[in-house]
Amino acid sequence: MSAKGYIALLLFVLLGFAGVWRLQERIDVQQSAVASEDDQVMLRSSKLVKGLSLEYAPLVADIYWTRVVQYFGNKHAGQQLDLRLLWPLLDVTSVLDPHLMPVYHFGSMFLSDAAPRGAGRPDLAAELLERGLKANPDEWRLYYDLGFVYYFDMKDYPKASAAFYEGSKNPKALFWMKMMAAKIATEGDSTETSNFLWQDIYNTTTDASVKENALTHLQLLRTQEDCKHIDVAADEYQKQFGRRPVRMNELVLGGLLLGEPVDPLGYPYVLSEAGKAEISAESPLKKKAAKMPGSK
Amino acid sequence: MTRVGTVALNTFREAVRDRVLYNLVFFALVMMASAILVGQISIGIEQIVIVSLGLSAISIIGLLISVFIGVGLVSKEIDKRTLYALLAKPLRRWEFILGKFAGLALTLTVNTAAMAAGLFLALFYVKHSIERADTAVLVAVYFILLKLALVVALAMLFSCFTTPLLAILFTAGLYLAGLFVHEMRGLQGGLIDPALGRLLRWVSYVLPNFENFDVMGAAAHGRIIPATLVAQNTFYAVLYCAIVLTVAAAVFSQRNLK
């Protein structure tokens, strides 16, 4: 082939691929319309999938787990609240490979978090973790996750305490799990306990999104504590001056606060019409607080 | 073009004479029968199961034919030394490549049509009618055919410069990669290095996107597939095949056959 022939061939290929690129972008638009159909999991029977997977069940489990992550991630990115398929997918994955730990750890998070962050099904999260513990009784971390779900999402403090206690029996478990079990059994819900648990997650997790979530919870816990203190000061102000304060600097001028308090992101707290402290509407934490009902 | 047609017709005849094809069609019929059986033991989703299984069978069998026979189209002629007799005639190498491609595409069309007829018979057996919504199944079959044409073109390209075994591996590898193009594009947003993300995005547009032809879910649920998508996918397959076959013809023209 002559040099001209090579150049012509190269040009044809380049122009051809440019055409393919443009065409692909248009096809993507059309495909998204066709693909936005109802989500489907054709094979929901975990036993059937396991049978069909032959000796490759662990590999199929990995594929299913990837699909769980894609499904959850896409729904999350698209702000879609309907996570109906999360449980069937996790169910099949955990049966295919009962020893795949991320399925229990992250799967329980996806399931238990309240909408819009998760599926809002802590009951299924607990079921998944119980299943994980049955298959992996030596995994103390699953007890930790289970205690977490019972404590934060189900507010079932006796069960949370029991989960932490069971986990603490494992010699590899975190040293504080037994103390936590006792503390929850005695006090139930407390800011101190919540703070400790979130701080531990923040310190130990290697996953960026989990770390960010833990940080948000820690920041929101601090705002709750700050607001409580400001409200106490406002009550005192009312006793001294016979009316609720309208602005924060009134509390400072009245000598009840040393300075105008700010939230963990540096935005000053504000007083509501009822004279109660709250996060400023300008603070990004306000939106985050709205997304995490009962963030404690 | 008469010479291309002659090569195509002979390729078709040769493929039809090949007993492997009959075995595969037999396999397809067995799949259809199992579709009916599975349909009967699954409550409420008989039609979905039959369409999904039937389309899957058509796709898998078509892929086997495309890859194995597509790779053999050129290499077999070289091994048997029949290519020398052919090229001694007034036949250009690109005409040979195009003719072989057209011949196998024709074979695949006939086979796919036969299997699609079997699928519609199975559907009719279950539903006792064929509705307008079932045209989506027909579109899905057409998309499978487009996909197979693309696979044949790739198989032929690889068989022009490497051994049959490697050509099969390359084609199968590219096919698998082409099924994950969407995921490749989605691997961004902090998950991987941004530079790698950009590179993958580029690669994703250059790779043959076999996901374009996947409308099995929509067909199973009787959803309308837009005519625009049919036209775009047709144009995509034609354009991509043209690029691949041009490169294949260029490579084959340069190949020393002595």
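How many helices and strands are there in chain B? Chain B holds eleven helices and zero strands, where helices (H or I, at least four residues) and strands (E, at least two) are DSSP runs numbered from the N terminus. Read along the sequence, its pattern is α-α-α-α-α-α-α-α-α-α-α.

A word on the ground rules before we go on. This is a predicted model, in which local features need pLDDT of at least 70 and side-chain atom pairs count only at pLDDT 80 or more, while totals for chains, interfaces and linings use all residues. Residues are numbered from 1 along each chain as its sequence is written, and chains are lettered from A and ligands numbered from 1 in the order in which they are written.

**Confidence**

The predictor gives the complex an ipTM of 0.73 and a pTM of 0.61. For chain B the average pLDDT, the predictor's confidence in each residue from 0 to 100, is 83, and 88% of the residues score at least 70. Among the elements of chain B, α6(B) has the highest mean pLDDT (93), and helix α2 (residues 19-41) of chain B the lowest (68).

Of the 258 residues of chain B, 42% count as buried. Here a residue is buried if 20 or more other C-beta atoms lie within 10 Å of its own, exposed if 12 or fewer, and partly exposed in between, with C-beta atoms placed from the backbone. Two residues are in contact if their C-beta atoms, placed from the backbone, lie within 7 Å. Among the contacts in chain B with a separation of 6 or more, 82% come from residues 24 or more positions apart.

A nonpolar core is a set of buried Ala, Val, Leu, Ile, Met, Phe, Trp, Tyr and Cys residues joined through C-beta atoms within 7 Å. The largest one has 74 residues, and F101(B), A140(B), A149(B), V152(B), A153(B), M156(B) and A219(B) touch the most other members. Two or more residues each come from α1 (3-35) of chain A and from α1 (2-17), α3 (46-79), α5 (93-127), α6 (135-159), α10 (216-220) and α11 (227-254) of chain B. The largest share, 20 residues, is given by α6(B). Leaving aside neighbours within four places in sequence, A153(B) is in contact with F101(B), C241(B), V244(B) and L245(B). Apart from this core lies another, of 46 residues, including L83(A), L89(A), V149(A) and A163(A).

**Where the chains meet**

In all, 20 residues of chain A are in contact with 27 residues of chain B. The chain A side divides into twelve nonpolar, six polar and two charged residues. In this count, Ala, Val, Leu, Ile, Met, Phe, Trp, Tyr, Cys and Pro are nonpolar, Asp, Glu, Lys and Arg are charged, and the others, Gly among them, are polar.

**A helix with a buried face**

In α8(A), A160(A), S161(A), A163(A), F164(A), G167(A) and S168(A) are buried. Seen down the helix axis, these buried residues fall within an arc of 160 degrees (taken from the directions from the axis to the C-beta atoms), so they line one face of α8(A). Their cover includes α7 (140-153) and α9 (177-187) of chain A.

Neither residue below is a glycine.

K155(A) lies in the loop between α7 and α8 of chain A, and R81(B) is in the loop between α3 and α4 (82-88) of chain B.
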